[in-house]
Amino acid sequence: LAQTALRANCHVFIEKPFALSSADATATVALAEERGRIAFAGHVSRFAQPYQRIAESLRAGRLGRLWTVRLRRDFSRAWFDDFGDRVHPVWESGIHDIDLAIFFAGVRPVRTCALQSAAAGDAAASVFQILVEFVDGSTATIESAWSIPSRGPQSLVGALELDGTIAAECEVHGSAGVAKQRLVSDALVEWTDAGVNTPDLSLWPLDGAQV
């Protein structure tokens, strides 16, 4: 579909995954370059303000030389039960943190290894860990577990309303400092008869509008 749109001289925004094989991805990029069009992957996390700030701190040298990036993104178990057997969690959730790791490093990865476990007992993996080494010697660890129980915090309250939890954490360690970001935090918590909410102020925030 992306290549069909490019042949029609359209710019294309491609939702994750960008392609189902490296050959398809390479062909799509080559066609976009041939046609002078943009083929943009839907890796939106790098544009969130906290991650933009971390990247800017790295580029400005406030954190020194990058040593390692640690990224974790856990999800409600019920979501895995709904669609986890139809899409691998690396494509569904891990791709955002893979993109963030590359975004922060600013250089190409040269080596990676990974583990996965079908801990939830389904056909697809519900747990994975990835270790990445970049060309400059910096590293990244990326992990996810679709394991948060139904009583986990309601973290998506605002522009996107989903019944469940995305618990994401990011740490960037450099020779001169450390930057940390937690998606679910106790900066703002609502305890009501309906349950416990930790409204999303980072991933899809509604920007200060009083309606």
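## Surface and burial

The chain exposes about 12300 Å², and carbon and sulfur atoms supply 54% of that area. Accessible areas come from the Shrake-Rupley method with a 1.4 Å probe, and for residues only the protein chains shown count as cover. The model is predicted, so local features need pLDDT of at least 70 and side-chain atom pairs count only at pLDDT 80 or more, while totals for chains, interfaces and linings use all residues. Residues are numbered from 1 along each chain as its sequence is written, and side-chain values use heavy atoms, with hydrogens and water left out.

Of the 211 residues in the chain, 39% are buried. Buried means under 20% relative accessible area, exposed means over 50%, and partly exposed lies in between (1.4 Å probe, protein chains only).

## Overall fold

The chain has five helices and ten strands. These are DSSP runs numbered from the N terminus: helices are H or I with at least four residues, and strands are E with at least two.

Contact means heavy atoms within 4.5 Å. Among contacts between residues at least 6 apart in sequence, 63% join residues at least 24 apart.

## Around T68

T68 belongs to strand β3, which covers residues 66-76. Its relative accessibility is 15%, so T68 counts as buried. Leaving out residues up to four places away in sequence, T68 touches T139, A140, E171, V172 and H173.

With T139 there is also a polar contact: the side chains of T68 and T139 are joined at 2.8 Å. A polar contact is a pair of N or O atoms within 3.5 Å; within protein, one must be able to donate a hydrogen and the other to accept it, and residues adjacent in sequence count only if both atoms are side-chain atoms.

## Salt bridges

Side chains of opposite charge can pair when their charged atoms come close. A salt bridge is a side-chain nitrogen of Lys or Arg within 4 Å of a carboxyl oxygen of Asp or Glu. The structure holds ten salt bridges. One of them joins D99 and R46, with the closest N and O atoms 2.9 Å apart. D99 lies in helix α5 (residues 89-105) and R46 in the loop between β2 (39-41) and α3 (49-59), so this pair ties together parts that are 53 residues apart in sequence. D99 is buried at 9% relative accessible area, while R46 is partly exposed at 24%.

E56 and R62 form another salt bridge, at 2.2 Å from N to O. E56 is partly exposed, with 38% relative accessibility, and R62 is partly exposed at 39%. A further salt bridge, at 2.8 Å from N to O, joins the side chains of E133 and R111. E133 is in strand β5 (residues 127-134) and R111 in strand β4 (residues 109-117), so the pair links distant parts of the chain, 22 residues apart. E133 is partly exposed at 26%, whereas R111 is exposed at 57%. Elsewhere, salt bridges that share partners join R72, D74, E169 and R182 into one network.

## Aromatic rings

A search of the whole structure finds five aromatic pairs. Rings of Phe, Tyr and Trp (its six-membered ring) pair if their centres lie within 6.5 Å; planes under 30 degrees apart count as stacked, over 60 as edge-to-face and the rest as tilted. F13, F40 and F47 form one aromatic cluster.

R59 lies over the face of F103, at 5.8 Å from the ring centre. A charge sits over a ring if NZ of Lys or CZ of Arg is within 6 Å of the ring centre and within 35 degrees of the ring normal.
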